[in-house]
4 protein chains.
Amino acid sequence: MDDGSGEGAMSTNNGVRSAGTERVWAALDSFKIEVPSWGFANTGTRFGKFMQPAAASTIAQKFADAAEVNRLTGAVPTVALHVLWDLPKGLGSVDEIKGLEAKHGIKSGSINPNLFQEQEYKYGSICNPNPEVRAKALAHLIESVEIGKALGSKDVSMWVSDGSNYPGTQSMRRRVEWMEEILGKTHAALGDEQRMLVEYKPFEPAFYHTDIADWGMALELARRAGPKAKVLVDTGHHYQGTNIEQIVAWLLHLNALGGFHFNDRKYADDDLTLGSIDPYQVFRIFHEMLSAKKDETAGVAFMIDQSHNMKGKMEAMVQTVVAAQEMYAKAALVDQEMLAGLQDECRLVEAEECFRSAFWTDVRPLVREWRTARGLPADPLDSLRTGRYLESITREREAANAGAGSSYA
Amino acid sequence: MDDGSGEGAMSTNNGVRSAGTERVWAALDSFKIEVPSWGFANTGTRFGKFMQPAAASTIAQKFADAAEVNRLTGAVPTVALHVLWDLPKGLGSVDEIKGLEAKHGIKSGSINPNLFQEQEYKYGSICNPNPEVRAKALAHLIESVEIGKALGSKDVSMWVSDGSNYPGTQSMRRRVEWMEEILGKTHAALGDEQRMLVEYKPFEPAFYHTDIADWGMALELARRAGPKAKVLVDTGHHYQGTNIEQIVAWLLHLNALGGFHFNDRKYADDDLTLGSIDPYQVFRIFHEMLSAKKDETAGVAFMIDQSHNMKGKMEAMVQTVVAAQEMYAKAALVDQEMLAGLQDECRLVEAEECFRSAFWTDVRPLVREWRTARGLPADPLDSLRTGRYLESITREREAANAGAGSSYA
Amino acid sequence: MDDGSGEGAMSTNNGVRSAGTERVWAALDSFKIEVPSWGFANTGTRFGKFMQPAAASTIAQKFADAAEVNRLTGAVPTVALHVLWDLPKGLGSVDEIKGLEAKHGIKSGSINPNLFQEQEYKYGSICNPNPEVRAKALAHLIESVEIGKALGSKDVSMWVSDGSNYPGTQSMRRRVEWMEEILGKTHAALGDEQRMLVEYKPFEPAFYHTDIADWGMALELARRAGPKAKVLVDTGHHYQGTNIEQIVAWLLHLNALGGFHFNDRKYADDDLTLGSIDPYQVFRIFHEMLSAKKDETAGVAFMIDQSHNMKGKMEAMVQTVVAAQEMYAKAALVDQEMLAGLQDECRLVEAEECFRSAFWTDVRPLVREWRTARGLPADPLDSLRTGRYLESITREREAANAGAGSSYA
Amino acid sequence: MDDGSGEGAMSTNNGVRSAGTERVWAALDSFKIEVPSWGFANTGTRFGKFMQPAAASTIAQKFADAAEVNRLTGAVPTVALHVLWDLPKGLGSVDEIKGLEAKHGIKSGSINPNLFQEQEYKYGSICNPNPEVRAKALAHLIESVEIGKALGSKDVSMWVSDGSNYPGTQSMRRRVEWMEEILGKTHAALGDEQRMLVEYKPFEPAFYHTDIADWGMALELARRAGPKAKVLVDTGHHYQGTNIEQIVAWLLHLNALGGFHFNDRKYADDDLTLGSIDPYQVFRIFHEMLSAKKDETAGVAFMIDQSHNMKGKMEAMVQTVVAAQEMYAKAALVDQEMLAGLQDECRLVEAEECFRSAFWTDVRPLVREWRTARGLPADPLDSLRTGRYLESITREREAANAGAGSSYA
């Protein structure tokens, strides 16, 4: 409940909707989240992949899956694309993507260049001491920008996996300068409506130093690149104990938050489903978004970045979107005005109870009501299970997905 | 909801109670948690103390405060005692304590020796290379056991803060042997009904090595000491990322869990209020308790070990007990049978939804109903605020509590 | 220097060897470390593999590489085998291995079953709720034991990667019982000279709970299995901040340490080269070994478990063995008697200086001298670079190793 | 050795000094490090203080102690002052300080305001929602600036301990704005030669959020305040696993590094002596300093911030300065040119060996030689022990230092 009283009642059925309920409906109406194309494909750990019969392997299949998630939840208008995997012909693949957009009624979302997979990138891509490799990486970035333009996509999401594994083996300093140069050139290529989102990650696949290791580094690089560059916060990419919502608050304050990659983790960067380990943290992050000024949060992109190697692909993705909607609804229940007053007076326990009363409120009936009113399935996971889509793609794809998945030996 | 359907409805008002509701009431009826006497006194960090006017400084005041928490929540039949602070005359203070028990209707709980405060313990107490210091520590432990006997208290809670700050400065190996000897002698002094609870802590106040650093060490020492020795799990005393509920599961399996010290933390050992940072973890720990066999959990003591230097002492303690009751009620909602079935079939998403559906259910209305039925205040925090107790102790104690609290300069 | 004086001089050239020098030579003569066959093969992260032209792909190549490391360092009499990768025909591959032993003059070391790679193990191997999968896993373990017998190998190294990714999806408790049963049956199959080493790991590839997560769990399982089961400490498998040398001290005290898997890490389990991130920790671990009683350390196996996806395979392995020898030599320099005296008197700074004076001593000239006296190359890394082996295997293998290494898309 | 050959020999006695030796002497001649006045006083943990008979309690004693450390090491020209403890009369204490400077031949170093000790700061100082408290904090900051001017001290070191313990209890966002305002006003008061150093710390004494939690926040605040504000890196104030030397590299690149507070830690912020837990990290940090451009490192202040509650105060401080000199000497041995070449060619193992060969070189004989040539005691710790200073202050101060040290009960 949003009155801090610990009542927990949600007055949705007494004729007049409460202010909290109004906020929840407005929040749900506005809530959109992007799914990643690679979230529907088989992935694994360094110890191997477990192959799922219904996993998608073509971009057509990934579009279809994403569209089904959108049909079930009403919150997924876009799908993130991975250049190397989804547009194997680069710009030459754009027409195929446009066809899929038209067919499925969802659009291309962020464009994700790949700077980690090719053998040349062993010692880095845009930070590689070899200028030829850096040139190759820049060319790929520029092509990614052009793909974004051709698709009318807004964001190029930059994850630079560069780094080093051992002290002394690379000059962290000189690599900063190389990055600055290439990000600047990439920024220069952006169209008027495009943005560059700079992601940070403290480790993996680099284990001693990662060239863009934290939000401070990402922010500096984004600023140096230009005004269309913003910071991308991946919730799994932080040290243990980091207060992520505080980083969000700072980035909003600095007008530098571009978007989120959502997932959860317990130890390292485990790409678990959103809120599966620490749901209270998700609530707190959404609270920072909802308590900020409108102009600060305009344009902040919500994106899922998860790889479900144990859960069913479709099941996990629907579950994630539903969880995100519910957490967002909870955060919308916080009575901002009352909370601010209690904070001002340092009435700590009352402020905390006001805050987490919203978290404790069971929003599921309310979200179900909203779904029904919007013509959506009341229970998306149940609809997925009882519907025909899953069965049908399992049948169609299982032959292609048979075969061992180990990547180790 | 306990049916995994995501409904979230709690049928408490339709004439027939659901199975989930029955479990919640039974859980609440059985739920008891001990409060620490030192939770009502002024404490701080190494940078200083912030003095609260209503803080307790005498054992009489601490008993009174604990009794008030019990009056408000119905769940606090005992108060943990700290030998050095609460029984300054050792056995000679027992009569005073018995008088307070009679006066306030609550009993003495665990007896907590103090092996860290005196100057002799600079290099350790029961692990000190100096045999005279070890003898002094042993004598204090024996006296603590005798105090427990005299008070009819069941548990002696052993927190051994010994350790070292720098590699090479002490022999970790020899110190193990000294511990074993003294814990064995202490165990030998225990009465038939007494237990010794061995606590572990990875660091603080020792910063390089702590002699009892993890549950494995505590378990070995408990076993070596004897059958009345069990392990005490302080939820704040773990490395970042540790799966505490798994340790609980193992200790239950080994019939070696003696009890809990509850608190929460974000980084180090911060003694924050239970569930304030990671409420889902508390739920998972309670789930392990509730899903274990009855004989494994018999005798497991729930104790709060918190120091609230920012929140009001009474307010924080009532809030903590209420939070514990609510989490326990949520854990009681889990449909164990359904869950086990889904786990057996590795239906991961369904099992997870079944599990966390209980967490998402808003149990506050149900707990309020239970409180009223049991003749307890429906809203303990509200009763504390509107009642006279807090005002009265503030007035009585504030003169004594004035004065600076810094401990640093 | 071992006299605590901070002199730093190593009197190796003044006619009479110092006591420290004697200890170093004795330590180097006794120091043996096993290399893993998989350390010579191409590996990677979940984001892809970088292929090395000289990487080994057959067991014959791995034996040849290990033998070359032994030729250069004189410290590698055995190579660890991975059943699935190195003995694809199981017992049927034993003759081939014996032929390689004879050809290369090194022996088979620990036998490593594989419980993580096959699709059946998606939800666990020996902890899988499905009894058929557990039976398959047991059969593989028994075959691994038989392979060990046939090869005259002493240790079966058990890494059980089982676990779960999400709270509530599996019963941690029941899985313990399944493990106990299978480990007991495996132990029963061991020959008189065989041992079972139980490894622990807090996470990866399982991300919420790993069934054998810490040394306490490994120890309980080893004891339950039987007297030939011991604990295997992988230095990379601990939470941040864990005092690994203390765990070593405890396992030695309990006569339960079976061996080590050496590697280093900065964040997670990164399999970096030994001592590359925290060399002082390696020194402290070796110090615990060297300061323990002889019967406690008898039979403790030193094994490398590293995957070098950036450094050259051969180069990294030689570098690792050399680093291990140097650290061991440093630890041998500690004057145990003087140190114990200072520890007893709690002369902290002097004890610390006595201890780390050994660490600060540059043992490289001394180790070089020892190498020459033993007929080994004075500088193994230099010999590797200037010798023909590396060039020759690069030429022979590069065709087979060409091709992309990504495992993600 | 600086030639990457693994020789380890330091040619100091063959008539011609090696280039490495030249660099070491130059480095030692330029190396200066500030000691904190509070490092000589009794301190403790939240569980109590262990009182040392020789601990300083007056500023006169602290100056004397610092001067003795300087006499022994030749590297400590300044002592950091803590306004509240060392200048109890604020500006009125300046004359006394000037007298001590003249008497002891060392100068006042950084001025450290105190924003954490007084009861008003319970809910924060410059971030307190109460404008009166913020005004009080600002006044203290301005006075600290004036003290700095009066003493001719360069730096005001700002540690803002503000934060909150529980989610929802304070608005992180609004507190940023309050900080910006006050830091701006403080900056405006700075004299031409003065600087403001903004320190960051992820936790303690605030446990949920600290208002200046990381280098990114400190940098933003410093920039907003003005050009005389720089970032202060306390080596103990980072999350587990953070690559501190990379942050140093970035701050140097951004011309924003003001100085260091040196200490070491294993888990949290433990204020252990420099390099006592991870000496290789200190070496890497110094390497970043020594490999940067001269104008980037000009003005970067080296300061010790340690509280030795176990080691003897004087002993620990001398030990720390000696350790710092030795680590700096090791870092000076790195052959920058050779290293850069190997890094450029991605010859990883060779680059690493070149780098850590300097770390493995035993510089103690060389540093001893330098000390003697500069008229300093060859072995400062030994001189401290055998000299009269320690004995004399112990005798003079022990009566005042008797008495219990607990701060808890």
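Chain A and chain D meet through the same surface, because 100% of the interface residues of chain A are also interface residues in chain D. The model is a predicted one. Over all chains, the structure holds 122 salt bridges.

**Chain A and chain D**

- Chain A is superposed on chain D by a rotation of 180° with 0.0 Å of shift along its axis, at an RMSD of 0.0 Å. The two copies are therefore related as by a two-fold rotation axis.
- The C-alpha of A:Gly216 is the one in chain A nearest this axis, at 2.2 Å from it.
- In this interface, 58 residues of chain A are in contact with 58 residues of chain D.
- About 4,800 Å² is buried between chain A and chain D, and carbon and sulfur atoms give 57% of that area.
- Six salt bridges are found across the interface of chain A and chain D. D:Arg173 and A:Glu296 form a salt bridge, with their closest N and O atoms 2.7 Å apart.
- Polar contacts across the interface of chain A and chain D amount to 22 residue pairs, with both residues at pLDDT 80 or more.
- Several elements of chain A each supply at least two residues to the side that touches chain D, including helices α6 (172-189), α7 (215-225), α8 (244-253) and α9 (279-291) as well as strand β9 (209-210). Helices α12 (336-344) and α13 (348-360) are also among them.
- Sorted by class, the side of chain A that touches chain D has 28 nonpolar, 14 polar and 16 charged residues.

**Chain A and chain C**

- A rotation of 180° with 0.0 Å of shift along its axis also superposes chain A on chain C, with an RMSD of 0.0 Å. For this rotation, A:Arg46 is the residue of chain A that comes closest to the axis, its C-alpha lying at 2.2 Å.
- Contacts join 51 residues of chain A to 52 residues of chain C.
- The area buried between chain A and chain C is about 4,900 Å², with 62% of it given by carbon and sulfur atoms.
- Between chain A and chain C there are six salt bridges. One salt bridge pairs A:Asp271 with C:Arg46, the closest N and O atoms being 2.9 Å apart.
- Between chain A and chain C, 16 residue pairs are in polar contact, both residues being at pLDDT 80 or more. The side of chain A that touches chain C comprises 25 nonpolar, 15 polar and 11 charged residues.

- Within chain B, the side chains of B:Asp86 and B:Lys62 meet in a salt bridge, at 2.9 Å from N to O. B:Asp86 lies in helix α3 (residues 83-86) and B:Lys62 in helix α2 (residues 59-73), so the pair ties together parts that are 24 residues apart in sequence.
- B:Asp86 is buried, with a relative accessible area of 0%, and B:Lys62 also counts as buried, at 4% relative accessibility.
- B:Asp344 forms a salt bridge with C:Arg174, in which the closest N and O atoms are 2.8 Å apart. The pair crosses between chains, from helix α12 (residues 336-344) of chain B to helix α6 (residues 172-189) of chain C.
- B:Asp344 is partly exposed, with a relative accessible area of 38%, and C:Arg174 is partly exposed, with a relative accessible area of 24%.
- Within chain C, C:Glu315 and C:Arg385 form a salt bridge, their closest N and O atoms being 3.4 Å apart. C:Glu315 belongs to helix α11 (residues 313-333) and C:Arg385 to helix α15 (residues 380-386), so the pair ties together parts that are 70 residues apart in sequence.
- C:Glu315 counts as buried at 17% relative accessibility, whereas C:Arg385 is partly exposed, with a relative accessible area of 33%.
- A:Arg46, C:Lys201, C:Glu204, C:Asp269 and C:Asp271 are joined into one network by salt bridges that share partners.

**Surroundings of B:His140**

- B:His140 is found in helix α5 (residues 131-151) of chain B and counts as buried, at 10% relative accessibility.
- The side chain of B:His140 reaches the backbone nitrogen of B:Asn114 at 2.9 Å.
- Leaving aside residues up to four places away in sequence, B:His140 touches B:Val83, B:Leu84, B:Pro113, B:Asn114 and B:Leu115.
- B:His140 and B:Pro113 are 27 residues apart in sequence, and their C-alpha atoms are 7.0 Å apart in space.

Technical notes: Residues numbered from 1 in each chain as written. Chains lettered and ligands numbered in written order. Heavy atoms only, no water. Contact = heavy atoms within 4.5 Å. Buried area = accessible area lost by both parts, 1.4 Å probe. Salt bridge = Lys/Arg side-chain N within 4 Å of Asp/Glu carboxyl O. Polar contact = N/O pair within 3.5 Å; in protein donor to acceptor, adjacent residues only side chain to side chain. Nonpolar A, V, L, I, M, F, W, Y, C, P; charged D, E, K, R; others polar. Helix = DSSP H or I, 4+ residues; strand = E, 2+ residues; numbered from the N terminus. Buried < 20%, exposed > 50% of the residue type's maximum accessible area, 1.4 Å probe, protein only. Least-squares fit on C-alpha atoms with pLDDT ≥ 70 in both.
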